[in-house]
Amino acid sequence: MTARDHAITSRDVKIKPSVRIALLGGFDLVVNDSPVIMPVGSRRLLAFIALNYRAPVPRGLIAGSLWPKVPEHCAYTNLRAALSRLGCLGRRALDITPTDLRLAPGVTVDLRDARVLAQGLLDPGGRPAALRLSTATVDQLSADLLPGWYDEWALLEGEHWRQLRLHALESLTEAFIDAAEFAGAVVAAQAAVQADPLRESSQASLIRAYLAEGNPSEAVHHFERYVRRLRDELGLCPTQRLHQLVARLRWAGDGGAALRG
C-alpha cells in the first residue's frame, strides 16, 4: 500500500460516523458523541425503526403505525416530511429505499444490547457468571422504554420490555446470591421492586436477598410493608409461598404474631 493509499484509507476510517440510538429512559440520537436535535415526528420515526431493528420496515407499516388516525395519503405525506426533517445527521441512522426503511449498518441501539443481556440471564443453559455481573448490569435493566410516550406501538413494546427486564432482574438477583454478591442481589431486587411494587415475585427476590446477606430484620420489615401496601391498594394478601420465606424466622412482638397469622 502506498503512502497515498494509506492516507485515503485512514481518512475514510475517520469520517465514518458513530451513530447510537437510545430508547431506554428516553429517546436520544447521538452521532460522533454529540446529541442530535430533531422534530418530534422525526424522533418518532427513528424510534419506530429502532424498535424494529431486525428487518427492513415497509413504508406502509411505518405510516399506518405512526399516523393511524389520518387518511392513508396524509400518513404517507407525514412520513415524507419526517424523513426530510431528519437532516443529514439523522439520515445517517437509516438505510432508505423507495419501499422500506431500516437501520444503517453499524448503528447501535441500547435496547438491543439490553435485550441480549436479559435473554442471557434467562437462558436455562446459560452461565450468568460469564456475563461479568455488576451493578452496571442492574443499571442496564433498570430503565423504562420511551417513558412518557403514549403511542400504542410504544406502549406495547414498553410492556414487553418491562416484563422481560423484571424477569431478568429477578434472575440476576438469584445469580448474585449464588455468587455471594449480596449487595448486588439487593440492588437488583430493589430495581425490580421499584419497577413494579405490587409484583410478588420481585418482592420475594428482595426478601431472599436480605435473608442471604444475613439481615432477617430487613426481610421482615420489608415483608410487613408489602403486606400493608397490597392490602391497602388491592385488598389482597400475599401468597403462602411468600409467607413461608419469613415463617422460619423467630421474633417477638406484634409484628411476628401478624406474620404468623
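This is a short tour of the model you have open, stop by stop.

Before you click: the model is predicted, so local features need pLDDT of at least 70 and side-chain atom pairs count only at pLDDT 80 or more, while totals for chains, interfaces and linings use all residues. Residues are numbered from 1 along each chain as its sequence is written, and side-chain values use heavy atoms, with hydrogens and water left out.

**Stop 1: the sheet.** Helices (H or I, at least four residues) and strands (E, at least two) are DSSP runs, numbered from the N terminus. These four strands make an open sheet in the order 3-2-1-7, with mixed pairing; two strands pair if DSSP finds at least two bridges between them. Strand 3 (34-35) and strand 7 (108-109) are the edges, each pairing on one side only.

Stop 2: Now pick residues 19-22 and 28-31. Strand 1 and strand 2 run antiparallel, joined by four bridges. Look for Ala 22 opposite Asp 28, and for Arg 20, whose bridge partner is Val 30. Five residues lie between the two strands of this hairpin, and Gly 25 in the turn has a positive phi of about 85°.

Carry on to strand 3, which pairs with strand 2 in the antiparallel sense over two bridges. Val 31 faces Ser 34 there. This hairpin has two residues between its strands, and Asn 32 in the turn has a positive phi of about 50°.

**Stop 3: Leu 29.** Which residues touch the most other members of the largest nonpolar core? They are Ile 21, Leu 23, Leu 29, Leu 45 and Leu 146, in a core of 76 residues. Such a core is a set of buried Ala, Val, Leu, Ile, Met, Phe, Trp, Tyr and Cys residues joined through side-chain atoms within 4.5 Å. Buried means under 20% relative accessible area (1.4 Å probe, protein chains only). Helix 8 (residues 152-178) gives the most to this core, with ten residues.

Zoom in on Leu 29: beyond its neighbours within four places in sequence, its contacts (heavy atoms within 4.5 Å) include Ile 21, Pro 35, Leu 46 and Leu 89.

**Stop 4: helix 3.** Finish with residues 59-66, where Arg 59, Ile 62, Ala 63 and Leu 66 are buried. They sit on the same side of helix 3 because they cover an arc of only 95° around the axis, taken from the directions from the helix axis to the C-beta atoms. Among the elements they pack against are helix 2 (40-51), helix 4 (72-84) and helix 8.

Technical notes: Buried means under 20% relative accessible area, exposed over 50%, partly exposed in between (1.4 Å probe, protein chains only).
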